Protein chains: 2
Amino acid sequence: MELLSENKCFGGQQAVYKHASTSCSCDMTFGLFLPEESRDGPVPVLWFLSGLTCTHENAMIKAGAQAWAAEQGIALVFPDTSPRGAAVANDDAYDLGQGAGFYVNATHAPWAAHFKMWDYIATELPELLAENFPLDMERQAITGHSMGGHGALTLAMSLPGRFKSVSAFAPISNPTQSDWGRKQFTAYLGDDESKWTAHDASLLMQEKGFDGPILIDTGSDDQFYDLLKPEAFAEAVAKRRQPATLRLQRGYDHSYFFVSTFMEDHITFHAEALYAE
Amino acid sequence: MELLSENKCFGGQQAVYKHASTSCSCDMTFGLFLPEESRDGPVPVLWFLSGLTCTHENAMIKAGAQAWAAEQGIALVFPDTSPRGAAVANDDAYDLGQGAGFYVNATHAPWAAHFKMWDYIATELPELLAENFPLDMERQAITGHSMGGHGALTLAMSLPGRFKSVSAFAPISNPTQSDWGRKQFTAYLGDDESKWTAHDASLLMQEKGFDGPILIDTGSDDQFYDLLKPEAFAEAVAKRRQPATLRLQRGYDHSYFFVSTFMEDHITFHAEALYAE
């Protein structure tokens, strides 16, 4: 593991590391914010999964999360959104290939060689973090934006007991019924739609739900609203009687100006779950 | 004036505008955050001047300022750091030409045709803002980072009565004695060093001081510490008995991770001055 940068930030340290990923068979980069409290022992962890076109860096510099994580004594992990490199398959479209891993394990060529983002986020990176940093892996929570909100919700529901709480900003909520989903699942997972259902937050909510609190914010003026399909997730939550807070925020769009506005709420929400006895 | 983008942010609006600048004889772009309170009438204004290589955008997306400006009901202006465009003189170095206006009026070729950042910030942009937005121009304050901290301090001391308060993050404090200054002043203002003194915060502090509160933060691990020369400004402040708070922050560097960490302090500081009776 190689330290690429380290900057003091809100009393803690914002670092960026590169490591050789066995899941993705390439070098992967992630950001890690450790609050000041981590000097005295393990701290809880909040994962932030990013959206289409993002690297580890976008949320790290634009979401304003460190201010609130420092206040709560929580670490932040900012993974990349896909494998990267000249040897890794790609596509000219912004929403397929590098920068668009969709948090699945690809099974079809040319993607299957590297695009194992599910394994990377669910298994490899948590193990690496647990071995190397003062993190309390019994106290993890997860959030994300757009494609990363999809990742946060599907991981949280598929790994019961792993995350104390889950939240999302403008998540892709029903990808099996959206152009943000069908195109990528066809490419990564193939035409058999039965293979897609494990990666659809609304379907997972119908089947499994989540044993913990949920908070979702979406802007009423989100320019990608029709692709996100918050109505499918809202219906599934209501049918299941799943405890959850779903908020439509008047006038906000899909940008990090929206994300940063509600970051304090989300980190406070996760802190309550992470510090609950 | 053309609206390039508008995003709801912390209850207000973060907009970006382009306009034909008469000072700089080219199109100029600036960011403007208007808090929710601006719907009901004019609000105070805090200028944020950015550093070398920055456009209007860096601080707007990385400094985390809108959170605190919204809390205080204060507007934020993010000007660009130089004229721009194919017709505008430039240099291969990152610290001369486009992105490095140094907040002076250039008098020497090839810079004099466009590089009039002093007039732009001191006169043209304030007039444009006053005409077009609900801003209380009797309540202005100014801050900046690095080269922008230099700009904030020199403008504040040279325009008595204009700004209620001035602050800076890692300002270039003694440019007539620094490689961040001598090179640019030679290019923009010529070899006659007597023309430079009006643009050196430490010399201005000796001569004029500032009729209001001053707050300066610099990181003890700033990688450009030797170029900033905070010791010259500190000496001038002490000799003058100028009321000011100069803070060296242990372990912080020159990055926006440093700036964002102390942004709440700076905006709270300016709010006290802007709302004082």
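## The pair at position 36 and 39 in chain B

B:E36 is partly exposed, at 43% relative accessibility; here buried means under 20% relative accessible area, exposed over 50%, and partly exposed in between (1.4 Å probe, protein chains only). The side chain of B:E36 meets that of B:R39 in a salt bridge, at 3.8 Å from N to O. A salt bridge is defined as a side-chain nitrogen of Lys or Arg within 4 Å of a carboxyl oxygen of Asp or Glu. B:R39 counts as exposed, with 57% relative accessibility.

## Basis of the model

This is a predicted model, in which local features need pLDDT of at least 70 and side-chain atom pairs count only at pLDDT 80 or more, while totals for chains, interfaces and linings use all residues. Residues are numbered from 1 along each chain as its sequence is written, chains are lettered from A and ligands numbered from 1 in the order in which they are written, and side-chain values use heavy atoms, leaving out hydrogens and water.

## Chain A

In chain A, A:E36 and A:R39 form a salt bridge whose closest N and O atoms are 3.8 Å apart. A:E36 is partly exposed, at 43% relative accessible area, and A:R39 is exposed, at 58% relative accessibility.

A network of salt bridges links A:D217, A:R247 and A:D265.

## Further pairing and total

B:R182 and B:E193 form a salt bridge, with their closest N and O atoms 2.8 Å apart. Both partners are partly exposed: B:E193 at 37% relative accessibility and B:R182 at 28%.

Over all chains, the count comes to 20 salt bridges.
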